[in-house]
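Colleague: Could you walk me through this chain in a few questions and answers? I am new to reading structures.

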Amino acid sequence: GSGNAPGSDCTRCGGKGSAEKTKAIKVTIPAGVDSGSKLQVCGEGDAGPNGGPAGDLYIFLKIKEDPLFRRDGNDIYSEKTISCLDAVLGNSIRVPVVDGETTIEIPPGTQPGHTICLKG
């Protein structure tokens with residue numbers, strides 16, 4: 001059997017054989033994850049029964065909406081309003097990207113609703 005000690009319960013664990021504690025761990029979130037993704041951190045879960053090894057920690061992700069960008073699958077979109085003159089004649093403009101800003105070329109004769117793709 002697992003044994004039985006007479007008397008009062010342990011003050012640290014209350015007789016359960018394990019005590020709760022808070023532990024900070026560092027987890028790297030991979031690029032491109034989406035809401036509903038699950039990360040597994042091996043050996044960081046609850047303690048195993050009877051002194052066995054710890055289980056795994058599972059982290060379920062929920063991605064927060066961003067005011068500048070909209071995500072559709074693996075694609076990220078942002079909108080920029082330009083002047084009619086820039087659309088007709090073309091121009092170079094600065095636009096926000098995920099990791100800062102970049103300059104894009106607006107080709108002459110750009111029509112309303114036109115999408116310009118950036119690689120990377």
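Predicted model: local features only at pLDDT ≥ 70, side-chain atom pairs only at ≥ 80, totals over all residues.

Modeller: Residues are numbered from 1 along each chain as its sequence is written, and side-chain values use heavy atoms, leaving out hydrogens and water.

Colleague: Which pattern does the chain follow along the sequence?

Modeller: Helices (H or I, at least four residues) and strands (E, at least two) are DSSP runs, numbered from the N terminus. The chain has 1 helix and 6 strands. Read along the sequence, the pattern is β-β-β-β-α-β-β.

Colleague: In which sense do β5 and β6 pair?

Modeller: Strands pair if DSSP finds at least two bridges between them. Strand β5 covers residues 91–97, strand β6 covers residues 100–106, and there are 7 bridges. A hairpin of 2 residues joins β5 to β6, and Pro96 stands opposite Glu101 in β6. The sense of the pairing is antiparallel.

Colleague: What percentage of the residues in the chain is buried?

Modeller: Buried means under 20% relative accessible area, with a 1.4 Å probe and protein chains only. Of the 120 residues in the chain, the buried share is 13%.

Colleague: How many residues of the chain's largest pocket lining are nonpolar?

Modeller: Nonpolar here covers Ala, Val, Leu, Ile, Met, Phe, Trp, Tyr, Cys and Pro; Asp, Glu, Lys and Arg count as charged, and the others, Gly among them, as polar. The lining of the largest pocket has 10 polar and 6 charged residues. The nonpolar ones number 18.

Note on methods: Buried < 20%, exposed > 50% of the residue type's maximum accessible area, 1.4 Å probe, protein only.
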